[in-house]
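Me: I want to know what stands behind the labels. Take me through them one by one.

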Amino acid sequence: MNYNGRRLYSVHTREEIREKMMKEVVQISQVFSLSLSDATVILVHLCWNLCKASDRLVDDKEKFLSELGLVGSSDEDLEVAGEGDDNLVSTPFCSHKFSRDFWRDYLSKTLKKKEDERVLLISCLSQDCHASVGPATVEKLGEPVKEMYESYLLASFMESNKETIKRCPDCEDYAIQRCHEDPSSEDSGVVCLCGHRFCWSCQVEPHRPVTCNNASFWLNELLYKSRNLARIGKRIKHCPECYRLVENHDGVWKCTDCSVSQPSNDSALIRHMTLWETSDGALQRSKWDLEAVEEKIMDANCSRELDVKALREAWMLTVQCRLVLKWSCVFGYLISDYHSAKKQYLDYLREKATANLSKHKETLDEVTGGVITGGGGITAFRQKLGDTTATTGNYFRFFVKTLEDGLCDVKVDAYEDVTTDYWFCDRCTFQNDSCDQECRMCVFSFESPPHVALCNSNSSASSSHQQQQVPNVPNNPMASQGGTK
């Protein structure tokens, strides 16, 4: 998610990635007076490391070329290799000639094998010949092999640059390039031009605030387990007479042994699975809303490109926020049972984040109608759209960071024998005065995370208590441990 306006990645076509690859080939070719074919073989062999290629060529160019099979046999041998049947082909560096069909079969099998094994040099198919096969040889073999070789080169280039360039896992048309070397997790995943969203690191659905390992654990194990438990739960209940579990067998309830009862943790798993699926339903509806808005914009033929772009980004933000809310359900399940205060505070934050997102959606509905119909002042439209996008984006940035930091400001311990002049709320951990009968944070809701003025109309509290900070911001009064009332 791009909360702060910084461009985190760009989407490129295969042809654009190929152009980036060829720029490196041309650079090595021109600097060291090599053919494009030889420069390509060198870069593939060195995993597209320009610095390493330059160092090897500067140290001893002839020796390095010889090691790679880029130095030909005697001139006489090469001259003989160029004569005879046009259907016979050899590399530029040896006299071993084979039919085009033989070459095609050999290269087809070799390229498929090399994609799996990451072997970076292709040699002449003659036994004990180390002459390299590069674009100069492949060029003579026709389109099917040329196309396969091009795909091989592109895959090699992207694999060697996988920290900054990745292919969309859902389509073959686009690749995504990081615009910053340090992906600091300031976004909520990548969105390809095909519409597919995925996590940059693990390629699955964006899953902040959950780590990649925990997302995989949830998707591959816990989700399946929770659905099985839910199915079992629908046919098991407690007997009203003996309180043992009874199971439904073809409409007849029969008592079972109490050892069949589910652990309490299973109930928590089922609850969070239900929350997850409910949140997923809301996410799907947000995706449909985004698609519907895209169609309306196209049908209305809106001419203000910058305004349309801002509108698309605002609607896309709803999808990204729904993803965060969905995965926060998993985050809640993974919190240890020993941290009940954190679980309760997470529920509180989710409730506030959901309310914030609903307000954003209402504003978008209003603004979108104005854009489509052409009604309303353009200045007011831009202001309202900019405000709701910034407010919602910043709120969810705060929400995600609070969770990823582990709700570190929630430090509630109970000390029965300790008397203090304050107490912490078990739900949100807000520090209240000992004279307060209710938590002042829970009683007075807030709209945005940074600072909120709280006025208790039923109390004559001093002005120093009229403004408090929300957890997980600097100078948070709840960061210290204390007793309960």
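Me: Where do Tyr345 and Tyr348 lie, and how many residues apart are they?

Reply: Both lie in helix α11 (residues 340-373). They are three residues apart, about one turn of the helix. Helices here are DSSP runs of H or I with at least four residues, strands are runs of E with at least two, and both are numbered from the N terminus. The model is predicted: local features need pLDDT of at least 70, side-chain atom pairs need 80 or more, and totals for chains, interfaces and linings use all residues. Residues are numbered from 1 along each chain as its sequence is written, and side-chain values use heavy atoms, without hydrogens and water.

Me: What makes Tyr345 buried?

Reply: Its relative accessibility is 1%. Buried means under 20% relative accessible area, exposed over 50%, and partly exposed in between (1.4 Å probe, protein chains only). So Tyr345 counts as buried. Tyr348, at 2%, is buried as well.

Me: How many aromatic pairs does the whole structure hold?

Reply: The search finds twelve.

Me: Why is the pair of Tyr345 and Tyr348 called stacked?

Reply: The ring centres are 6.2 Å apart and the planes lie at 25°. Rings of Phe, Tyr and Trp (its six-membered ring) pair if their centres lie within 6.5 Å; planes under 30 degrees apart are stacked, over 60 edge-to-face, and the rest tilted. So this pair is stacked.

Me: Why are Tyr395 and Phe396 called edge-to-face?

Reply: Their ring centres are 6.4 Å apart, and their planes stand at 65°, so the pair is edge-to-face. Tyr395 is buried at 1%. Phe396 is buried at 0%.

Me: Which residues do ring pairs link into a cluster?

Reply: Phe98, Phe102, Trp103 and Tyr106.

Me: What joins the side chains of His12 and Ser10?

Reply: A polar contact of 2.9 Å. The term needs a pair of N or O atoms within 3.5 Å; within protein, one must be able to donate a hydrogen and the other to accept it, and residues adjacent in sequence count only if both atoms are side-chain atoms.
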